[in-house]
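Here is a short report on side-chain contacts in one protein. Look at the structure first, then read on.

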Amino acid sequence: MGLNTALRAFYASRHADVPEHIREIMERSGRELAASGAAEHALKVGDTAPDFMLPSAAGASIGLTGLLKSGPVVLTFYRGAWCPYCNLALRHLQQHVGAMSERGARLVAVSPQIADESLSVTQKHHLTFDVLSDIGSSTAKRYGLAFDLTDELASVYEAFGMDLQRVNGGHAHTLPLPATYVIDRDSTIRWAFVDTDYTTRAEPTDIIAALDTLPAAPGR
């Protein structure tokens, strides 16, 4: 089953259990975010990917420039471990890490969570790729992906027990749009997926197909 098929099935099973007034808030917020043009501000194919240096769940500092020395990078932004759609997406990406590695690529996931939360999601889902903490969403902002939740939607998440103030290190309202980039060794974005709908994500098979279009590295 493809990732987005699984996401749609999960949404269908979960949607009916959400109280109607809560669904109205969530759906209205989604429409407003889509209408805001937020996705249009995100970096696109042909743009240069900004460098970053972020802490990993394992305690290392990971930078894009360093990663690109060994090959292309698949960079994916997600909302956090509290988001079940993100967790499902991360698990599907894990299933394709080997195929990405065979193509010389490194997968890296970025969220606004503190390192302890990143470590938790890594351990919970047995992830073998780097999970980085972008506290304050400074990197997401440079990629044009950061947006602020409405007060109304933030209150809904709080009522659901999602303590974003804590897990995001004091930046409760700022999240990244779901996005995935294939970045070539020269820092050029060769493929991009950005969507305001958090229930839709980049399909891993599409990522691999994008990697197959990159020119082979010398010696490969």
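## Terms and model

Buried means under 20% relative accessible area, exposed means over 50%, and partly exposed is in between (1.4 Å probe, protein chains only). This is a predicted model: local features need pLDDT of at least 70, side-chain atom pairs count only at pLDDT 80 or more, and totals for chains, interfaces and linings use all residues. Residues are numbered from 1 along each chain as its sequence is written, and side-chain values use heavy atoms, with hydrogens and water left out.

## Aromatic pairs

The whole structure holds five aromatic pairs. Rings of Phe, Tyr and Trp (its six-membered ring) pair if their centres lie within 6.5 Å; planes under 30 degrees apart are stacked, over 60 edge-to-face, and the rest tilted. One of the pairs joins Phe10 and Tyr85: the ring centres are 5.1 Å apart and the planes stand at 85 degrees, so this pair is edge-to-face. Phe10 lies in helix 1 (residues 3-15) and Tyr85 in helix 4 (residues 84-94), so the contact ties together parts 75 residues apart in sequence. Helices (H or I, at least four residues) and strands (E, at least two) are DSSP runs, numbered from the N terminus. Phe10 is partly exposed at 26%. Tyr85 is buried at 5%.

Trp82 and Tyr157 form a tilted pair, with centres 5.2 Å apart and planes at 55 degrees. Trp82 sits in the loop between strand 3 (73-77) and helix 4, while Tyr157 is in helix 8, 75 residues apart. Trp82 is buried at 15%, and Tyr157 is buried at 3%.

## A cluster and a charge

Ring pairs link Phe10, Tyr85 and Tyr198 into a cluster. Tyr198 has another contact: the charged end of Arg79 sits over its ring, 4.0 Å from the centre. Such a charge is NZ of Lys or CZ of Arg within 6 Å of the ring centre and within 35 degrees of the ring normal.

## Salt bridges

A salt bridge is a side-chain nitrogen of Lys or Arg within 4 Å of a carboxyl oxygen of Asp or Glu. The count is six. In one of them, Glu152 meets Arg28, with the closest N and O atoms 2.9 Å apart. Glu152 lies in helix 8 (residues 151-159) and Arg28 in helix 2 (residues 20-35), so the bridge ties together parts 124 residues apart in sequence.

Which residues form a network of salt bridges? Asp184, Asp186 and Arg190 do. Arg190 bridges to Asp184 at 3.3 Å and to Asp186 at 3.2 Å. Asp184 is buried at 4%, whereas Asp186 is partly exposed at 48%.
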